[in-house]
Amino acid sequence: MKNTWIAGLFAFVVAFTAVSFAADTKIDFSKLKCLVADKAAVEDKSSEYKDCNVYFCCGNCKKKFDGDKKAFASQANHQLIASKQVEQKACTFSGGALKPEFSVEFKGAKVGFCCENCKGKAEKMSDEDKLVKLFGEDAYAKAKFAKVEKK
């Protein structure tokens, strides 16, 4: 009986935390795209990624991601940024301090830079290069993206 009560309490806490997180971050699902298919993402199809959540249009896309998260790392990082679950702390290219006047937006995700040169470099890239060079694992680490803490 005691274990059932503890399991129930644990389930409640997990559910409450998930609802609280969604409410605090205010993800706009009307603008969020599935990271596997070019369709609208939905709140009830998600996977945990980097201590946050990434969202999909359907169970099949979720299954593809869960089966090989490394293959979708750039797309997942992009979605974390676009959904404002993480915030950038440094320039994607140099690792230097960000300056608000130097930023670009790519498919709903804003990325900042330290200078006009870095911004210009990003603006000249093809969409495929932007996905890898602005949102890939190396760029994500250099930019020191960190989970946005609840307020």
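User: What makes up the chain in terms of helices and strands?

Analyst: Happy to walk you through it: the chain has six helices and six strands. These are DSSP runs numbered from the N terminus, with helices being H or I of at least four residues and strands E of at least two. This is a predicted model, in which local features need pLDDT of at least 70 and side-chain atom pairs count only at pLDDT 80 or more, while totals for chains, interfaces and linings use all residues. Residues are numbered from 1 along each chain as its sequence is written, and side-chain values use heavy atoms, leaving out hydrogens and water.

User: Why is the pair of phenylalanine 65 and phenylalanine 72 called tilted?

Analyst: Good one to start with, as the structure holds seven aromatic pairs. The ring centres of phenylalanine 65 and phenylalanine 72 are 6.4 Å apart and the planes meet at 50 degrees, so this pair is tilted. Rings of Phe, Tyr and Trp (its six-membered ring) pair if their centres lie within 6.5 Å; planes under 30 degrees apart are stacked, over 60 edge-to-face, and the rest tilted.

User: How do you know that phenylalanine 72 is buried?

Analyst: Its relative accessible area is 17%, and buried means under 20% (exposed is over 50%, partly exposed in between; 1.4 Å probe, protein chains only). Phenylalanine 65 is buried too, at 0%.

User: What makes phenylalanine 93 and phenylalanine 113 a stacked pair?

Analyst: Their centres are 5.6 Å apart, with 15 degrees between the planes. Phenylalanine 93 sits in the loop between β3 (86-87) and β4 (99-106) and phenylalanine 113 in strand β5 (residues 109-113), so the pair ties together parts 20 residues apart in sequence. Both phenylalanine 93 and phenylalanine 113 are buried.

User: Why is lysine 50 said to sit over the ring of tyrosine 140?

Analyst: The charged end of lysine 50 is 3.7 Å from the ring centre of tyrosine 140. The rule asks for NZ of Lys or CZ of Arg within 6 Å of the ring centre and within 35 degrees of the ring normal. Lysine 121 likewise lies over the face of phenylalanine 93, 4.3 Å from the ring centre.

User: Which residues touch the most other members of the largest nonpolar core?

Analyst: Among its 33 residues, they are Val54, Phe65, Phe93 and Phe113. Such a core is a set of buried Ala, Val, Leu, Ile, Met, Phe, Trp, Tyr and Cys residues joined through side-chain atoms within 4.5 Å. α3 gives the most to this core, with five residues.
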